[in-house]
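User: I would like to learn how to read the features of a structure, one at a time. Please give the general idea and then the case at hand.

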Amino acid sequence: MTPAVTLVVLTLNEIDGVTDVFPKLPMHCLDEVLVVDGGSTDGTLEFFEARGVRVIRQQRRGRGEAFRLATRHARNDFLVFFSPDGNEDPDDIPRLIEGLVAGYDMVIASRFMRGARSEDDDKFVLGSRRWGNLLFTWLVNVLCRARTHITDTINGYRAITRAAFTRLAPDADGYAIEFQMSIRALQLGLRVLEIPTRESPRIGRGVSKLNAIPVGLKFLGLLVREWARPRVRR
């Protein structure tokens, strides 16, 4: 029997994206769609409420808080985190779920493994998002020295079991939470699988909510703290 799955849709003013992406979601393999919203004012909330989709409104802003809220409120033990800004391909959702069914604790949609593509692949500026992702991923693999090698430690498009999320106990704020989850998964010896994904351009007015330099500094500080943190492997 296949375990039940909750798709967690993370939103903050994504009306253009959700209008385009929502009809493409593979509902046949989902038991619940749960929206966690950071304070949308553009009609995103009304879009989901009109379709009977359960919405959790964050009292405290931030992507890290959204992940923790979703894990507490989801009705199922298999969770897929999805951002409807156009970057993430809904067709990858069944493959993420298959990884959990196969026994993996966390499955990451990688933009940098063979057969994958990042939105920034054609951008060769040193300060681009692509180079930051590759640098931090390399540092994690070098410092953790784990049996598993991860090619994309930062992408938030991923699936995880509730038990694994609880064991990781991520407490980072903002976009650092995915990075922290990847680090702790390697440190604790969790079973991590990656699947190749092809990242598409953002839809409509959607823009990245990342500011590269301060986010990079935050990631660097987090990596140092996590590397020094005591942990017990299973």
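User: Is Ala169 buried, partly exposed or exposed?

Analyst: Some ground rules come before the answer. This is a predicted model, where local features need pLDDT of at least 70 and side-chain atom pairs count only at pLDDT 80 or more, while totals for chains, interfaces and linings use all residues. Residues are numbered from 1 along each chain as its sequence is written, and side-chain values use heavy atoms, with hydrogens and water left out. Buried means under 20% relative accessible area, exposed over 50%, and partly exposed in between (1.4 Å probe, protein chains only). Ala169 has 43% relative accessibility and therefore counts as partly exposed.

User: Where is Ala169 found, and what phi does Ala169 have?

Analyst: Helices (H or I, at least four residues) and strands (E, at least two) are DSSP runs, numbered from the N terminus. Ala169 is found in the loop between α6 (162-168) and α7 (176-188). Its phi is positive, about 45°, although the residue is not a glycine. Asn13 also has a positive phi without being a glycine, in this case about 55°. Asn13 lies in the loop between β1 (5-11) and α1 (15-21), and with a relative accessible area of 34% Asn13 is partly exposed.

User: How many helices and strands are in the chain, and in what order do the strands form the sheet?

Analyst: The chain has eight helices and seven strands. For the sheet, two strands pair if DSSP finds at least two bridges between them. Seven strands make an open sheet with mixed pairing, in the order β3-β2-β1-β4-β6-β5-β7. At the edges stand β3 (54-57) and β7, each with a single partner strand, so one side of each has no neighbour in the sheet. On average, neighbouring strands of this sheet are turned by 20° against each other, direction ignored.

User: How many bridges join β2 to β3, and which helix packs on the sheet?

Analyst: Strand β2 (residues 32-37) and β3 run parallel and are joined by four bridges. Asp37 stands opposite Arg57 in β3. For packing, contact means heavy atoms within 4.5 Å. Axes are lines fitted to C-alpha atoms, for helices over the stretch in contact, and angles run from 0 to 180 degrees between N-to-C directions. Helix α3 (residues 63-73) packs on the sheet and touches β1, β2, β3 and β4 (78-82); the direction of α3 makes about 145° with that of β2.

User: What share of contacts joins residues at least 24 apart, and what share of the residues is buried?

Analyst: Taking contacts in the chain between residues at least 6 apart in sequence, 75% join residues at least 24 apart. Of the 234 residues in the chain, 53% are buried.

User: How many salt bridges does the structure hold?

Analyst: Side chains of opposite charge can pair when their charged atoms come close. A salt bridge is a side-chain nitrogen of Lys or Arg within 4 Å of a carboxyl oxygen of Asp or Glu. The structure holds 17 salt bridges. Among them, Lys24 and Asp20 meet at 3.0 Å, N to O; Lys24 is partly exposed at 47%, and Asp20 is partly exposed at 32%. Asp92 and Arg95 form another, with the closest N and O atoms 2.7 Å apart. Here Asp92 is buried at 5%, whereas Arg95 is partly exposed at 30%.

User: Which salt bridge links distant parts of the chain, and which residues are linked in a network?

Analyst: Glu199 and Arg111 meet in a salt bridge at 3.5 Å, N to O. The pair is 88 residues apart and links distant parts of the chain: Glu199 is in the loop between β7 (192-196) and α8 (212-228), and Arg111 in the loop between β5 (106-110) and α5. Glu199 is buried at 9%, and Arg111 is buried at 4%. The salt-bridge network links Arg60, Glu65, Arg68, Arg72 and Asp173.

User: Which residues make the nonpolar surface patch?

Analyst: Patches are made of residues with over 30% relative accessible area and no salt bridge; like charges are joined within 9 Å, nonpolar side chains (Val, Leu, Ile, Met, Phe, Trp, Tyr) within 5 Å. Accessible areas come from the Shrake-Rupley method with a 1.4 Å probe, and for residues only the protein chains shown count as cover. Leu135, Trp138, Val142, Leu143 and Trp227 make a nonpolar patch of about 510 Å². Helix α5 (residues 129-144) gives the most to this patch, with four residues. Leu135 is found in α5 and, at 46% relative accessibility, counts as partly exposed. The chain exposes about 11,200 Å², of which carbon and sulfur atoms supply 56%.
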